[in-house]
Amino acid sequence: MSKMMALASKVDMAKVAKLSEKVDLNELLGLVSSMDERTLQQMMKLAAPKKPKALPEIDGDFYDIGALLTPEQREVQLKVRHFMETEVEPIANEYWQRDEFPQQLIAKLKALDIIGELFDEDGNRREGAAVTEGIIGMEMARVDVSTTTFFGVHSGLAMWSIALGGSDAQKREWLPKIRDFEVIGAFGLTEPDVGSAVSQGMTTTCRREGNTWVLNGQKYWIGNATFSDFTVVWAKDEADNQVKGFIVRRETPGFSVAKIEGKIALRAVENGHITLSNCRVQESDRLQNANSFRTTADVLRMTRAGVAWQGVGCAMGAYEKSLAYAQKRVQFGRPIASFQLVQNLLVQMLGNVTAMQTMCLRLSQLQDAGTMRDEQASLAKVFTAKRCRETVALARELHGGKGILLEHHVARYFADTEAIYSYEGTNEINSLVVGRAVTGYSAFV
Ligand code: FAD
């Protein structure tokens with residue numbers, strides 16, 4: 001009877017009133033009061049709310065590539081993952097919408113000390129740095145591609161330009177400051193009228209006058225340039241027609257930057273349109289070991305794998321967000337994850353992600369071994385950009401109408417992938433590089 005009293009005190013009379021419309025309450029109460037304690041307990045068990053079904057953990061690393069990393073690399077991976085989930089994800093959509101880079105991230109990235117995982121104090125690459133760099137890029141893009149792009153321009157394109165093209169003195173001066181985010185770098189190669197063909201058709205010029213160089217021309221799409229402390233500018237020497245590299249400091253007279261507005265991808269990356277108008281740079285800021293486009297191409301070779309990893313991370317994030325959504329979203333009385341066609345979408349996404357991860361991991365191993373060829377990096381760029389595009393489109397589809405809302409993140413991945421698809425060599429240009437290597441015929445025009 002004590003059980004009955006306890007039950008009675010919890011009774012919601014409104015619900016009882018509703019119940020009385022469906023069953024005869026007198027009959028029900030008579031039935032209940034005739035029950036013994038054991039039966040009553042069994043009844044209460046049946047009536048208790050059901051525990052939610054235990055679902056598998058959401059994990060976009062299906063083939064456990066994490067197990068192939070060294071303990072140090074795994075530590076970096078988890079450190080970056082935590083950083084991205086706690087510091088970046090909460091603000092990513094806001095800054096994407098504002099079309100603005102979140103400046104406060106710079107101090108936080110400095111505290112994270114991740115470039116130090118790639119380059120030692122003397123600016124030399126650490127063992128396994130390509131794999132570490134790839135994993136960092138993947139983890140960043142898994143949450144926000146804009147952050148990865150900021151990081152890739154600074155620690156990749158700008159830093160590699162000095163690491164490969166700079167003299168020992170230039171490396172000593174710049175690399176530690178870049179590593180510690182004391183200065184932010186940009187990389188100025190593309191021009192308004194010359195993109196893919198920049199190796200042949202560069203129009204920005206440099207002319208030596210005594211101990212200074214005079215730079216004239218324009219650079220377009222230059223990531224970070226609106227606020228960077230320096231931009232590595234590539235220009236053709238009027239004297240020998242060779243491409244040379246310059247560290248152009250932001251305050252240099254004749255150097256100006258306008259922000260490119262109206263992007264539909266990577267909106268939190270600030271891209272600049274640079275004008276160089278009789279911009280004078282000291283000979284000491286010319287990259288002393290960059291005497292032809294070959295050095296520029298070497299830089300791009302080193303960073304192309306990083307862009308392939310961006311595609312991996314972006315697709316991985318889109319898959320994980322989709323799986324989480326599918327498990328929660330209920331239609332026709334069931335989670336959409338239980339529908340065959342929705343599972344098919346998830347399996348296609350996971351297949352893409354897994355193929356991309358394993359391909360890029362091998363590519364980075366080749367890079368660490370010093371044997372990676374151009375066409376190998378290009379193949380990974382072509383493959384991952386395509387598969388990423390397919391994956392984010394499936395993710396958007398799985399989210400239904402909500403897939404076009406920033407709130408669910410996949411809309412941002414969907415848009416950002418369009419930039420991944422075109423920068424660091426378009427799909428066509430990278431395909432031509434691979435095609436030339438495997439057929440022995442160059443189809444470049
Ligand atoms: P185009 O070269 O004009 O190409 C247009 C189309 O023609 C493409 O589909 C291309 O594949 C195709 N095409 C061209 N030539 C051939 C051919 N021979 N055969 C077949 N097809 C061909 N650059 C920098 O220097 N620094 C940066 O920091 C930087 N950041 C960027 C960030 C973003 C968000 C974007 C979108 C671009 C960035 N870029 C940057 C520039 C980027 O590298 C170029 O956009 C890219 O190289 C392509 O050049 P393009 O846009 O001028 O296209």
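In the predicted model, the shell around the ligand consists of 11 nonpolar residues, eight polar residues and one charged residue. Of the 20 residues around the ligand, those that come nearest are Leu189, Gly195, Ser196, Thr426 and Glu428. Two or more residues of the shell are given by each of strand 1 (185-188), strand 3 (212-223), helix 14 and helix 15 (427-439). Strand 3 supplies the largest share, with three residues. In terms of domains, at least three residues of the shell are drawn from domain 3 (185-293), and at least three from domain 4 (296-439).

Two packed helices are described by the angle between their axes and the distance between the axes. For helix 11 (residues 293-328) and helix 14 (residues 410-422), the angle is about 160° and the axes are 10 Å apart. Angles over 145 degrees count as roughly antiparallel, and helix 11 is therefore roughly antiparallel to helix 14. The crossing of the two helices is left-handed.

On the side of helix 11, the contact is made by Val307, Gln310, Gly311, Cys314, Gly317, Ala318, Lys321 and Ser322. Helix 14 takes part through Val410, Tyr413, Asp416, Thr417 and Ile420. Sorted by class, the residues in the contact of helix 11 with helix 14 comprise six nonpolar, five polar and two charged.

Methods
Residues are numbered from 1 along each chain as its sequence is written. This is a predicted model: local features need pLDDT of at least 70, side-chain atom pairs count only at pLDDT 80 or more; totals for chains, interfaces and linings use all residues. Axes are lines fitted to C-alpha atoms, for helices over the stretch in contact, and angles run from 0 to 180 degrees between N-to-C directions. Helices (H or I, at least four residues) and strands (E, at least two) are DSSP runs, numbered from the N terminus. Angles under 35 degrees count as roughly parallel, over 145 as roughly antiparallel, 65 to 115 as roughly perpendicular and the rest as oblique. A crossing is left-handed if the near helix is turned anticlockwise from the far one by less than a right angle, and right-handed if clockwise. Two residues are in contact if their C-beta atoms, placed from the backbone, lie within 7 Å. Ala, Val, Leu, Ile, Met, Phe, Trp, Tyr, Cys and Pro count as nonpolar, Asp, Glu, Lys and Arg as charged, and the others, Gly among them, as polar. A residue is near a molecule or strand if its C-beta atom, placed from the backbone, lies within 6 Å of it. Domain bounds come from an automatic or database domain assignment.
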